Amino acid sequence: MHLLPPSLHKKRLVNWHNHDAFVIENLFHYFFCVVEVVTYFFQPTNCKMMELNDCCNMQNGINIFEKKIIIIGAGISGLTCGYRLKELGFQNVKILEAKSRVGGRIHGIDVGSKFIELGAQWIHGQKDNVIYEIAQRKGLVDKDTFNYLDELKSFSNFSAEESKALTSLFEFLEEKVNNYSDNIGSNSLLPFLNKQFNTFLTEFGPCNFPELLNEGFEWYLKFLCEVNGCHDLSTLSLNLLNRYKECEGNQTVEIKNGISSLLNIFLNVIPPKWVLKNKPISKIDWSDFKFELIKHNRELKYSLQNDLQNCRNVKVICADGEIFLADHVVITIPLGCLKKYNHSLFIPPLSKVKQRVIDSLGFGAINKIYLQFHEVFWKPNAIFNVLWQKTFDKAILKETSDKSNTHN
C-alpha cells in the first residue's frame, strides 16, 4: 500500500512537485518496482521508458504491467497517478472516488462571466513546478493575472504614511521569520511573532499610528493562518516552517477558464472505465500479506509469509458491499479523512508508528466567502485590506447587550 499526499491545501498542496510518494506500509513483493513507478508519476513526460522496462518489466516471469492496481481517490493526486500509469503501459487499473465528481479539492462553478473556485484557486510558484510546466505547455496559464500576494501587502487603500508603516512592520516580521535559527529556543510561531512585534515597536520608536500597527499585526497573524492553512499559529512549528521548499515565481498563478480545466489534461488520457464514482471505501484488507522487516548491513529486506506462487490480494471493500481485489493499492485520500478513519480503515491496522505520524500531522481548513454586487464599484484587481478595530468589538458587545436586555 502506498500513500500519496492529498491535493490542494492552499500553498502547501498546490505545489505538486512536493508530492513525493511516501510509503505507509511496504506490503508487496514488487514493492521496489512499484516505488520506481510511483517516483515516475512526478517526473517529466520524457522519462526513460527503457530504464523503467528494465527495472519492472519482468519479475520472476511475471509482467508487472499486468498487475491489478487500485487508486483510492480521484483528486489531482489520484488522477495524476492514473495518468502516469496509463502512459507507462499499465492496463488493469481502477480509480475509486467516494463523491459523484472527480477533482477532490479542485472544484469550480461557472457563473457566466467568471469561474468561482470553491476549492483550489492557484498554482503556487513557477520554477521547478511540474504542474505549472504542464499548464504552460498546454497554454492554460492566464498570463494577464497579477501577483495577488504582492498586491495584498501593498495596502493601497490606506494613506501613504499608513501604508509605509504597515509595510515596514510586515517586512520586519518576515525577515525575522525567514532568518530564524533553531538555537533561539521557540517552537511555536505565535509567541515568536508576539516577541518580534514588541521588538519592532521598541526599535522604531513612537509611531503616529499605534492602534493601526496593533490592528495591522492582528491582520498579519490572520494572513499567516490563511497562507499556511492553519487555524492557530500556536500550532505551527517555527522550527520546520523554513524547511518547506517553495517554488520560485508568482505564488498565485491562475488558469484560464478555472483551475478545473487542469483535470482534463489527465482525464483525456485516463480510460473512462478506470474511474468509478460514488465508491466510498469502508475497509482495506491486506491480511493476505504478512511481512517482517529485516535490517542487515543498513539494507532493508522484506520477507513475505507466502511464496510467489500463492495468490495474494489486497481487498478494497466499498460501502455498497462491492469488493475489489488488487495487487497494489495507492491511497490518495485527504489527510483529514486519513486522520479520522485510519484506525478503522485498515485490516490489520497500520503500525503504531504510522498511526502516530498520521495523528500528529496538523490539518487546517480554509473557508471562502463570495459576495455578489449589482454594480462594479472597484478598479480591476483591486484588493481591500480590512483591519478589525477595537471600536467594532465595543459596538458588537453593546448590540449583544441591548438584545439581551430586550429579551429579558
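This is a predicted model: local features need pLDDT of at least 70, side-chain atom pairs count only at pLDDT 80 or more; totals for chains, interfaces and linings use all residues.
**Close-up B. Residues 3-51, with pLDDT below 50.** For the protein as a whole, the average pLDDT is 77, and 74% of the residues score at least 70. Over residues 3-51, though, the pLDDT is below 50. Leaving out near neighbours in sequence, the model gives this stretch 166 contacts.

**Close-up C. Helix 7 packed with helix 9.** When two helices pack, we describe the pair by the angle between their axes and the distance between those axes. For helix 7 (residues 160-178) and helix 9 (residues 210-228), the angle is about 45° and the axes lie 10 Å apart. That angle makes helix 7 oblique to helix 9. As for the hand of the crossing, helix 7 and helix 9 cross in a right-handed way.

**Close-up D. The residues where helix 7 and helix 9 touch.** Helix 7 brings E162, A165, L166, L169, F170, L173 and E174 to the contact. From helix 9 come L212, L213, G216, F217, W219 and Y220. Sort the residues of this contact by type and you get 10 nonpolar, one polar and two charged.

**Close-up E. I134 in helix 5.** Look for I134 within residues 130-137, the span of helix 5. I134 counts as buried because its relative accessible area is 11%, with the cut-off for buried being under 20%. I265 sits 131 residues away from I134 in sequence, yet their C-alpha atoms are 8.7 Å apart in space.

Key: Residues are numbered from 1 along each chain as its sequence is written. Side-chain values use heavy atoms; hydrogens and water are left out. Axes are lines fitted to C-alpha atoms, for helices over the stretch in contact, and angles run from 0 to 180 degrees between N-to-C directions. Helices (H or I, at least four residues) and strands (E, at least two) are DSSP runs, numbered from the N terminus. Angles under 35 degrees count as roughly parallel, over 145 as roughly antiparallel, 65 to 115 as roughly perpendicular and the rest as oblique. A crossing is left-handed if the near helix is turned anticlockwise from the far one by less than a right angle, and right-handed if clockwise. Contact means heavy atoms within 4.5 Å. Ala, Val, Leu, Ile, Met, Phe, Trp, Tyr, Cys and Pro count as nonpolar, Asp, Glu, Lys and Arg as charged, and the others, Gly among them, as polar. pLDDT is the predictor's confidence in each residue, from 0 to 100. Buried means under 20% relative accessible area, exposed over 50%, partly exposed in between (1.4 Å probe, protein chains only).
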